[in-house]
Amino acid sequence: MEAGELRKKVLLQALSDPEDAVRQAASQALEKIEASWSLSRITALLKEGSRGQQVKALIALERIDSLQIFPLLLAALKNPDADIRAAAVQVLGHKAHPKTLGALVKHLKDPHPAVRVHCADALGNFTDARLVPLLAACLQDADDALAVSAACSLGKIGAPQAEEALAAAAADPRAAVRAAALLALAELKTV
């Protein structure tokens, strides 16, 4: 039997145990083991996989609840391929771990527009009012998608400090930016 096979077999059998506590323990143990096995496979794909495999591997990291994923995601932010950076930004945004905030902020200035848009979107998952000036500056960007994403994120953050910038964006010549700003204004917390 291969390494780990006996362990997996025992845990799978325990899923049929008559006691609920035993079934739950088996389920939790299986999740933990499978996440660990998945992480090693994902790490290999990130090192040796094709571009498409690397993007899929990064997206798969979203399902893994372990601090071990963050070095992989942060390393992917340095990849020359914009799609790989964008995928890393998306997952980091969904995880919203405070220690990754600085790395995400840096990518608001990424040379590729899609990375900047995903970054503005990701920052909305951090409820940090310090992000308001950075996202407010994006409202004036020539890239419609970035301005819309920034408005949405300002709404998600909900900081009253965003009111002035969103009110100004509500008069933007671009309809999509105006609409996003109006919706975001409704999300702001009142003092």
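Trainee: Are Asp110 and Arg85 buried or exposed?
Mentor: This is a predicted model, where local features need pLDDT of at least 70 and side-chain atom pairs count only at pLDDT 80 or more, while totals for chains, interfaces and linings use all residues. Residues are numbered from 1 along each chain as its sequence is written, and side-chain values use heavy atoms, with hydrogens and water left out. Buried means under 20% relative accessible area, exposed over 50%, and partly exposed in between, with a 1.4 Å probe and protein chains only. By that rule, Asp110 and Arg85 are both buried.

Trainee: How many residues apart in sequence are the parts that Asp110 and Arg85 tie together?
Mentor: Their side chains form a salt bridge of 2.8 Å, N to O. Asp110 sits in the loop between α6 (101-106) and α7 (113-123), whereas Arg85 is in helix α5, so the pair links parts whose separation in sequence is 25 residues. A salt bridge here is a side-chain nitrogen of Lys or Arg within 4 Å of a carboxyl oxygen of Asp or Glu. Helices (H or I, at least four residues) and strands (E, at least two) are DSSP runs, numbered from the N terminus; the sequence separation asked for is 25 residues.

Trainee: How many salt bridges are there by this rule?
Mentor: Asp172 and Arg174 make one of them, at 2.8 Å, N to O. Both Asp172 and Arg174 are buried. Shared partners also join Arg51, Asp81 and Asp83 into one network of salt bridges. The count by this rule is 8.

Trainee: About how far apart along helix α2 are Arg23 and Asp20?
Mentor: The two side chains meet in a salt bridge of 3.2 Å, N to O. Arg23 is partly exposed at 28% relative accessibility, and Asp20 is partly exposed at 42%. Both lie in α2 (residues 20-48), and because they are 3 residues apart, their separation is about one helical turn.

Trainee: What is the relative accessible area of Ile69?
Mentor: Ile69 lies in helix α4 (residues 69-76). Beyond four places in sequence, Ile69 is in contact (heavy atoms within 4.5 Å) with Leu39, Leu61, Ile64 and Lys95. Leu61 in turn touches partners that include Ile42, Leu46 and Val91. Ile69 is buried, and its relative accessible area is 0%.

Trainee: At roughly what angle do the axes of α5 and α7 cross?
Mentor: Axes are lines fitted to C-alpha atoms, for helices over the stretch in contact, and angles run from 0 to 180 degrees between N-to-C directions. Angles under 35 degrees count as roughly parallel, over 145 as roughly antiparallel, 65 to 115 as roughly perpendicular and the rest as oblique. α5 and α7 are therefore roughly parallel to each other. Their axes come within 9 Å, and the crossing angle is roughly 5°.

Trainee: What is the phi of Ala96, about?
Mentor: Most residues other than glycine have a negative phi. Ala96 is in the loop between α5 and α6. Ala96 is partly exposed, with a relative accessible area of 23%. Ala96 is not a glycine, yet its phi is positive, about 50°.

Trainee: Which residues does Gly158 touch, not counting those up to four places away in sequence?
Mentor: Gly158 is in the loop between α9 (144-157) and α10 (163-169). Gly158 is buried, at 0% relative accessible area. With residues up to four places away left out, Gly158 touches Glu187, Leu188 and Lys189.
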